[in-house]
Amino acid sequence: MTAFEYDVVVIGAGPVGENIADRVVQGGLTAAIVERELVGGECSYWACMPTKALLRSASALRAARQLPGAREAVTGHLDAAAVLGRRDSFASQWKDDGQVSWLESAGIALHRGQGRIRWARVVQVTGVDGVTVTLTARHAVVVATGSSALLPDIPGLREAAPWSSREAASAASVPRRLAIIGGGVVAAEMATAFGALGSSVTVLARDGVLPSAEPFAGELVTESLREAGVSVRLGANAVSVSRGDSGTVHVDTADGEQVEADEVLVAVGRIPNTQDIGLENVGLAPGVWLAVDDTLRVVGGGGWLYVAGDVNRRVLLTHQGKYQARAAGDVIVARARGEKVEDGQWGRHAVTADERAVPQVIFTDPEVASVGLTAAAAAAAGLRIRVVDYDLGSVAGSSLHADGYKGHARMVVDEDRKVIIGFTLAGPDVAN
């Protein structure tokens, strides 16, 4: 068995793992990264990049149609094949040569295969050829394996071969009819994208559309989806799914209705990719979210095990995972060198923003941009708040941006400290 030794071993080569390894190397340590799929991870091939490519062409077309002069110049409809082709280019045709080349240039060693922790600071990597190598970390092992789509226990769903966010983002063609189970970010964005590409889309949103956002955001997006021809069924609960011999999917709801579609997308949540990484060998439960302190060190992990990104369930957003990665990489270097750890609120090695100031954009029509807490979240936290609402359509810049601009803004103020603790915008192009 071949053995290697590094200062830090990272399991998972998505954006989070890459940034941790890069930060460690920049700090003067050596690092290896382990990946069983494509280097670059979910964001590069099945999430951020391809989904935004699917959405962008429709967004540009909508913007042009809202402006006199530009509206008259626009004829015809979206070319779905061209949109999918552009999407493919942003997913690098699902090849990771460029990402691998970057790892090499950054001085990060790559080991392909399934990584499993065998004991403290030791990771075994089993390649597709069955060959196993052992990696020993002098200072830290970092789990950055991300998350996968949750498949709920709905009778017949698994047998119906549903789409997850991966299949939606990498679809080779546009289905004539698409049913979506769920109403969160993935569901809303993919309803926007596939509706614009020509699918007849039905959204079964049991808990509403964008239930974690400010209510007005979900209401505006729901209204827009319906105006675009998407059937949004609020409160609809899928209770069984089947796919007939012809390929048609039947989704039965609790109220006795049935939706027929060519494909069904399930977008109801995520589960951690911790099922097969050897956690049981170091006294931790596999298949669960891993609790960490504010320096991303695993609670009960012996002081050498760190977790960054989706797996710690603090914030399941790529940019927030990168924020965690920078803090984790820096604190690993500091501890390896015996330097002072700055882990107080907003310290260099603490991920305070995870709880206080998370920015997010939802690329629906209209777009939703937010940072910090919603009014409901702030009230649930026991804060004494004041809510300030404003109609974005009455802003001069909005009416200049597009005729009939419809949007809304909300600011949440902590009345005791007199500081803004949350801000949400919903409207065309608010992400800009």
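**Figure 1. Trp94 in the loop between helix 5 and helix 6 of the predicted model.** In this predicted model, Trp94 is partly exposed, with a relative accessible area of 22%. The loop that holds Trp94 runs between helix 5 (80-90) and helix 6 (97-106). The backbone angle phi of Trp94 is positive, about 60 degrees, although Trp94 is not a glycine. The label "partly exposed" applies because the 22% of Trp94 falls between the limits of 20% and 50%.

**Figure 2. Leu210, a second residue with a positive phi.** Leu210 is found in the loop between strand 9 (200-205) and helix 9. Its phi is near 50 degrees, a positive value in a residue other than glycine. Is Leu210 buried or exposed? With a relative accessibility of 4%, Leu210 counts as buried, since buried means under 20%.

**Figure 3. Helix 1 and the elements around it.** Helix 1 is made of twelve residues, 15-26. Which residues of helix 1 are buried? They are Pro15, Val16, Gly17, Glu18, Ile20, Ala21, Asp22 and Val24. Against these buried residues pack strand 1 (2-11), strand 2 (31-35) and strand 6 (132-143), together with helix 2 (41-45), helix 6 and helix 10 (318-337). Just after helix 1 comes Gly28, with a positive phi of about 95 degrees.

**Figure 4. The disulfide of Cys43 and Cys48.** How many disulfides does a search of the whole structure find? The search finds one, formed by Cys43 and Cys48, whose sulfur atoms are 2.2 Å apart. The pair counts as a disulfide because its 2.2 Å lies within the cut-off of 2.5 Å. The angle about the S-S bond is -130 degrees, and the link is left-handed. The two partners fall on either side of the 20% limit for burial: Cys43 is buried, with a relative accessible area of 12%, whereas Cys48 is partly exposed, with a relative accessible area of 21%.

**Figure 5. Helix 9 and what covers it.** Helix 9 comprises 13 residues, 215-227. At 1.5 Å a residue, helix 9 should span 18 Å; the C-alpha atoms at its ends are 19 Å apart, which agrees. The buried residues of helix 9 are Phe216, Ala217, Gly218, Leu220, Val221, Thr222, Ser224 and Leu225. An α-helix has 3.6 residues a turn, so residues three or four places apart point the same way. The cover over the buried residues of helix 9 includes helix 8 (185-196), strand 10 (231-234), strand 18 (367-372), strand 20 (408-414) and strand 21 (419-427). Gly229, which follows helix 9, has a positive phi near 100 degrees.

**Figure 6. The second largest pocket.** The volume of the second largest pocket is about 730 Å³. Its lining holds 30 residues, of which Arg62, Ser224, Glu227, Ala228 and Asp365 are the closest to the centre. Which elements give two or more residues to this lining? They are helix 3 (48-65), helix 8 and helix 9. Helix 3 supplies the largest share, six residues. By residue type, the lining divides into 13 nonpolar, nine polar and eight charged residues.

**Figure 7. The cis peptide bond of Asp365 and Pro366.** Asp365, one of the residues closest to the centre of the second largest pocket, is joined to Pro366 by a cis peptide bond. The angle omega of this bond is about 5 degrees. Pro366 lies in the loop between strand 17 (359-362) and strand 18.

**Figure 8. Val292 and Asp293 in the loop between strand 15 and strand 16.** Val292 is placed in the loop between strand 15 (270-272) and strand 16 (305-307), and Asp293 is found in this loop too. Val292 counts as buried, at 14% relative accessibility, while Asp293, at 29%, counts as partly exposed. Leaving aside residues up to four places away in sequence, Val292 touches Arg297, Val298, Val299, Val307, Asn312 and Arg314. With the same exclusion, Asp293 touches Val299 and Arg314. The C-alpha atoms of Val292 and Ile180, 112 residues apart along the chain, are separated by 33 Å. For Asp293 and Thr374, 81 residues apart along the chain, the C-alpha separation is 24 Å.

Methods:
Residues are numbered from 1 along each chain as its sequence is written. This is a predicted model: local features need pLDDT of at least 70, side-chain atom pairs count only at pLDDT 80 or more; totals for chains, interfaces and linings use all residues. Side-chain values use heavy atoms; hydrogens and water are left out. Helices (H or I, at least four residues) and strands (E, at least two) are DSSP runs, numbered from the N terminus. The expected span of a helix is 1.5 Å times one less than its number of residues. Buried means under 20% relative accessible area, exposed over 50%, partly exposed in between (1.4 Å probe, protein chains only). Contact means heavy atoms within 4.5 Å. On a 1 Å grid over the protein atoms alone, a cavity is a set of points where a 1.4 Å probe fits but cannot get out, and a pocket is an open set with protein on both sides within 12 Å along at least five of seven lines; lining residues have an atom within 4 Å of a point. Grid points are joined across faces, edges and corners, and a volume is the space filled by probe spheres set on the points. Ala, Val, Leu, Ile, Met, Phe, Trp, Tyr, Cys and Pro count as nonpolar, Asp, Glu, Lys and Arg as charged, and the others, Gly among them, as polar.
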